[in-house]
Each structure stands twice: as C-alpha cells, then as structure tokens.
Amino acid sequence: MWCYRGGSISAEPRINDRIRVPEVRLVGPSGEQVGIVPLAKALELAQEYDLDLVEVAATARPPVCKLMDYGKFKYESAMKAREARKNQAHTVIKEMKLRPKIDPHDYDTKKGHVVRFLKQGDKVKITIMFRGREQSRPELGYRLLQRLASDVEDLGFVESSPKQDGRNMIMVLGPHKKKTEAMAEAREAQAARKAEAKANPGKSQNAAESDADGEDTTAGAETVEAPAEASAEA
C-alpha cells in the first residue's frame with residue numbers, strides 16, 4: 001500500500017524508541033501481565049532484560065507492548081511462513097486425450113498416466129476427440145469414458161459427467177485422496193527410501209550393479225517408452 005504522499009506504509013510493528021505514547025499495557029517476556037506502565041518504565045525494563053519493547057496491539061487503549069527478542073521473533077515467523085508455503089497444496093487439473101477407437105496398448109498407457117495423476121491428488125480432464133464419421137458415434141466415446149472411470153474407481157470419482165463439446169466429449173475425474181495427503185505420503189515414502197538406503201548401503205550397490213549388468217546384456221535392443229505428456233494424443 002502507498003499513502004497519498006508517495007511513501008510506503010510499513011507493516012512492521014513499532015519497537016523501542018519508535019513507540020510514541022505516554023503509557024503502555026505491558027506484557028512480560030513469559031507472557032505475564034505487568035499492567036499499565038509509563039513508556040519510560042517499559043523501555044527501562046526492556047533494557048534490563050536485554051530485550052526489545054514491541055507494540056503488538058497498536059489500536060488498543062493504551063497500546064499493548066511485549067518484551068521479546070524481536071530479531072528471533074522475526075526469524076521464527078519467517079520460518080513458519082516458509083513451512084506453510086511448502087505444505088500448501090495447489091489444485092492442478094491434468095489433461096488426457098484419447099480417440100474413440102484407441103488401441104488396447106495405448107489405452108493401458110493412458111490409463112497409467114491417469115492413475116499416476118490421481119495418486120498425486122490431481123484432477124484429470126479426459127477428452128475424447130472425434131474425427132470425421134466418428135462424430136456420428138458419440139456412444140463410442142461415452143462407453144470409453146465409462147470404462148476408464150470404472151478402471152480407476154479405487155483412486156478417483158467422476159466429478160463431471162461426460163458431455164459433448166463440439167467435436168470432443170469431456171469428463172473430469174477427481175481424486176479420492178486430497179493433495180495434502182498425497183504430498184505427505186510422498187514425503188514419507190521418500191524418507192523411508194533414504195533410511196533404507198542408509199541402513200543397507202550394500203543392497204543399494206548390488207541393485208545398481210545388477211542394473212548395469214542388465215544394460216550390458218540388452219545392448220542394441222530398442223526400448224519404446226510411453227509418452228510422458230499428459231495431453232498427448234492417442
């Protein structure tokens with residue numbers, strides 16, 4: 001926010017000599033109520049305790065001030081805000097596109113992506129794309145969407161029923177698991193893997209050597225990976 005003179009309005013509380021009132025309601029360092037005291041007395045106590053006098057309720061009459069280590073207080077507040085942002089969950093809608101006459105292998109690949117998204121706590125928008133004469137057979141797309149919803153019903157539910165939108169048919173799947181829960185489980189799984197690797201370093205090394213041996217024996221073989229894009233067409 002900016003005032004009409006062009007200066008900024010500080011959100012920081014007033015501390016020590018910046019407090020300009022004759023008396024304050026003082027709170028001690030442990031939260032005890034000291035009572036209403038002259039400002040000079042409150043500043044004297046702050047100096048004795050080697051703490052700051054911080055105005056915590058400026059609109060009160062008289063203002064409420066507390067004796068505290070203001071630098072430590074700001075640091076702890078910043079860490080709490082950082083942790084809150086870290087755990088904050090954002091709703092994400094992934095998209096998966098399919099064709100009415102999709103190949104069984106491609107269907108399994110696409111379904112795998114949908115399963116992964118739902119496990120992560122994300123919503124999934126399923127789009128069936130009709131081309132040419134396929135537009136006269138909307139029931140093909142409807143049956144495919146119903147099949148997919150049935151295959152992943154343990155992980156998600158139909159949040160928005162199939163509906164026609166021009167040449168496309170759209171359905172939205174919502175996860176049973178909340179985003180915050182999915183994030184917490186992912187962190188726990190990662191911590192468990194790290195703990196297991198630390199407790200069994202030899203096992204991790206053997207697994208790496210086994211993988212290397214497997215790569216040597218399959219040299220020259222071509223590996224076809226499923227597309228990673230969530231919105232890739234079938």
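The following paragraphs lead through the structure from its overall layout to selected residues.

The model is predicted: local features are taken only where pLDDT is at least 70 and side-chain atom pairs only at pLDDT 80 or more, while totals for chains, interfaces and linings use all residues. Residues are numbered from 1 along each chain as its sequence is written, and side-chain values use heavy atoms, with hydrogens and water left out.

The chain contains 6 helices and 8 strands; helices (H or I, at least four residues) and strands (E, at least two) are DSSP runs, numbered from the N terminus. In sequence order, these elements follow the pattern β-β-α-β-β-α-β-α-β-α-β-β-α-α. Of the 234 residues in the chain, 26% are buried, where buried means under 20% relative accessible area, exposed means over 50%, and partly exposed lies in between (1.4 Å probe, protein chains only). Contact denotes heavy atoms within 4.5 Å. Among contacts between residues at least 6 apart in sequence, 58% join residues at least 24 apart.

Helix α1 spans residues 39–49, and its buried residues are Leu39, Ala42, Leu45 and Ala46. Seen down the axis of α1, these residues fall within an arc of 120°, so they line one face of the helix; the arc is that of the directions from the helix axis to the C-beta atoms. Ala40, Gln47 and Glu48, on the other side of α1, are exposed. The cover over the buried residues of α1 includes β1 (23–27), β2 (33–38), β3 (52–57) and β4 (64–68). Asp50 follows α1 and is placed in the loop between α1 and β3. Its phi is near 60°, a positive value in a residue other than glycine, and at 69% relative accessibility Asp50 counts as exposed. Further along, in the loop between β3 and β4, is Pro62, which is joined to Arg61 by a cis peptide bond with omega of about -5°.

In soluble globular proteins, nonpolar side chains tend to be buried together. A nonpolar core is here a set of buried Ala, Val, Leu, Ile, Met, Phe, Trp, Tyr and Cys residues joined through side-chain atoms within 4.5 Å. The largest such core has 19 residues, and those with the most contacts inside it are Met96, Leu98, Val114, Val124, Ile126, Ile128 and Leu173. Two or more residues each come from β5 (93–98), α3 (104–119), β6 (123–129), α4 (138–151) and β8 (168–175). Apart from this core lies another, of 12 residues, among them Val24, Val37, Ala42 and Leu67.

Strand β6 also holds Met129, which counts as buried at 9% relative accessibility. The C-alpha atoms of Met129 and Lys97 are separated by 7.0 Å, although the two are 32 residues apart along the chain. Arg99, in the loop between β5 and α3, is buried with a relative accessible area of 18%.

The chain averages a pLDDT of 80, with 79% of the residues scoring at least 70; pLDDT is the predictor's confidence in each residue, from 0 to 100. Over residues 210–234 the pLDDT is below 50. Where pLDDT is low, the predicted coordinates should not be read in detail.
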